[in-house]
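Q: I would like to learn how to read features in a model like this one. Please show me the structure, and we can go through it.

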Amino acid sequence: MIKKTFNLLTFVTLCVLIINSFFIYPSADDYSYFVKQKSYGFCAFQEWHYFNWGGRYIANMILGSFDFNEAGLYWYRSIAVFIILGFYISLVAFTKQIIRPKDYLLTTNLMFLAYCFSLYSLSQEFYWMPGSITYTLSLILCLISWTLLEKSKNWRFFLINIILIILLNGTNEISSLIYNGSLFLYLLYSYIKTKNINRAVFTLLIFSVGCMLISILAPGNTVRTLSEKSPNTHDVIFSISRAIFRTVTFTAERLFIFLILGVFLFKGLQKRNLKMSVPKIPTIILKSACIFFPFLVLCFGIFPSYYATGRIPPERTVNTVSFFFLISIVFSIQFYKDNFIEAENIHFNSIIYYFFFFLLFIIFIHSNDLRNNFYDLFSGRSLIFAKEMEERDQYLKSTPEEVVTVKKISVIPNTLLFKDISGDPTSFFNYYYARFYNKKSVSVHE
């Protein structure tokens, strides 16, 4: 009964996320990408972006490639649906083929629900295209690549992974760094276990690092860093200390749910023959490594934001790092179980039972975007928001005025819209919003 309830809850969650996709509207950087690409032309825009703003070559090619009028708006919303379904389906495939738990569908659903609960910004994860294409797409590509990694000796899967690597390393730097770290750890583990280098994975790693460097060493990254420079930029001690502090606070705020989920996974995961014979390393060190490894991954993912900008990572970055934190917990548990647990004495059904009620309890009492997304849909906030945004759009298209002040949207669901325009017509977002509608300026009547 509990399993069926969890599966049903996941199905309902997917339906709510997808239905809300049909109420979203572009915001923030969406307009700047489109206006710039329309002004420069596709090829010139790619060149300008690489040398003046950032090296995320895949994101740069997709963002701004279509407008948001008529069919374009439906394309925008369809991409959100693709991202939501793509993430869930790739997680199912990864769980079934790589984690191989006793019940892969239940485990997938628990991981999916826990991850959705942990999100610091659901809009930036699924609905806002610069966030979903730059960050969530990379997670989908990681999951697919990891699912096929063990088959990379077959040339067909090897070529598929080559394509995935090209795409993945062109999305964002955090995913590139952690993905390449995962390839290195897999290669190291394989060598320790077999005393042979997996040539296919080694080749993939070298190729992937090359693609990552093309993105990270883009001149535009330097230009962007200088434009956002703070007194703490490139301060190693500051960056490490803040990354450690944020690792603790993020875990306490939201990511504790993954630690609770780990108790369930400890029983649900089956042995995968990850046992290693490393006689020179004391057992206590390996056990400690299993415990601290996920937190090291979380800290490692947070560090680049502080080092590059001197500031706390944006919510979409925290979402991404949280995903890798979750995956690292899964493999730490798997490794610990295979190497240090002989007999199992945890009752599986009781763990599911308690986790189910605990998850429902914290979803209801702990502020989170997953709960808010349900509320936005069933309270009618999503529909009201979409209608008012449509009225604004029609007004901007019909009015002959060039300096326009529009009404403030009465209901702005934060789970659907990343950032609306403001009352300042000179702000970055307002400027490109006005250019999209061929106006001199657009602002909101405060």
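Q: Which helix holds I237?
A: I237 is found in helix α13. Helices here are DSSP runs (H or I, at least four residues), numbered from the N terminus, and strands are E runs of at least two. This is a predicted model: local features need pLDDT of at least 70, side-chain atom pairs count only at pLDDT 80 or more, and totals for chains, interfaces and linings use all residues. Residues are numbered from 1 along each chain as its sequence is written, and side-chain values use heavy atoms, with hydrogens and water left out.

Q: Is I237 buried or exposed?
A: Buried means under 20% relative accessible area, exposed over 50%, and partly exposed in between (1.4 Å probe, protein chains only). I237 has a relative accessible area of 65%, so I237 is exposed.

Q: Which residues form the nonpolar patch on the surface?
A: Start with the rule. Patch residues have over 30% relative accessible area and no salt bridge; nonpolar side chains (Val, Leu, Ile, Met, Phe, Trp, Tyr) are joined within 5 Å, like charges within 9 Å. A salt bridge is a side-chain nitrogen of Lys or Arg within 4 Å of a carboxyl oxygen of Asp or Glu. Here the patch consists of V236, I237, I240, I244, V248 and Y307. Together they have about 540 Å² of accessible area, computed by the Shrake-Rupley method with a 1.4 Å probe, with only the protein chains shown as cover for residues. Helix α13 (residues 236-268) gives the largest share, five residues.

Q: Which residues of helix α3 are buried, and why are they on the same side?
A: An α-helix has 3.6 residues a turn, so residues three or four places apart point the same way. In α3 (residues 42-52), F45, Q46 and H49 are buried. They cover an arc of only 100° around the axis, so they lie on the same side of α3. The arc is taken from the directions from the helix axis to the C-beta atoms. C43 and E47 are exposed, on the other side of α3.

Q: What phi do A28 and K195 have?
A: Most residues other than glycine have a negative phi. A28 is not a glycine, yet its phi is positive, about 50°. A28 lies in the loop between α1 (2-21) and α2 (29-40). With 5% relative accessibility, A28 counts as buried. K195, also not a glycine, has a positive phi of about 65°. K195 is in the loop between α10 (173-194) and α11 (199-216). K195 is exposed, at 59%.

Q: How many aromatic pairs are there?
A: A pair of aromatic rings is described by the distance of the centres and the angle of the planes. Rings of Phe, Tyr and Trp (its six-membered ring) pair if their centres lie within 6.5 Å; planes under 30 degrees apart are stacked, over 60 edge-to-face, the rest tilted. By this rule the count is 36. Take Y50 and F51: the centres are 5.5 Å apart and the planes at 80°, so the pair is edge-to-face. F87 and F323 are also edge-to-face, 6.1 Å centre to centre with 65° between the planes. F87 lies in α5 (residues 71-99) and F323 in α15 (residues 315-340), so this pair ties together parts 236 residues apart in sequence. Both F87 and F323 are buried.

Q: Which residue lies over the face of Y25?
A: The rule asks for NZ of Lys or CZ of Arg within 6 Å of the ring centre and within 35 degrees of the ring normal. R77 lies over the face of Y25, 4.9 Å from the ring centre. Likewise, the charged end of R254 sits over the ring of Y120, 5.1 Å from its centre.
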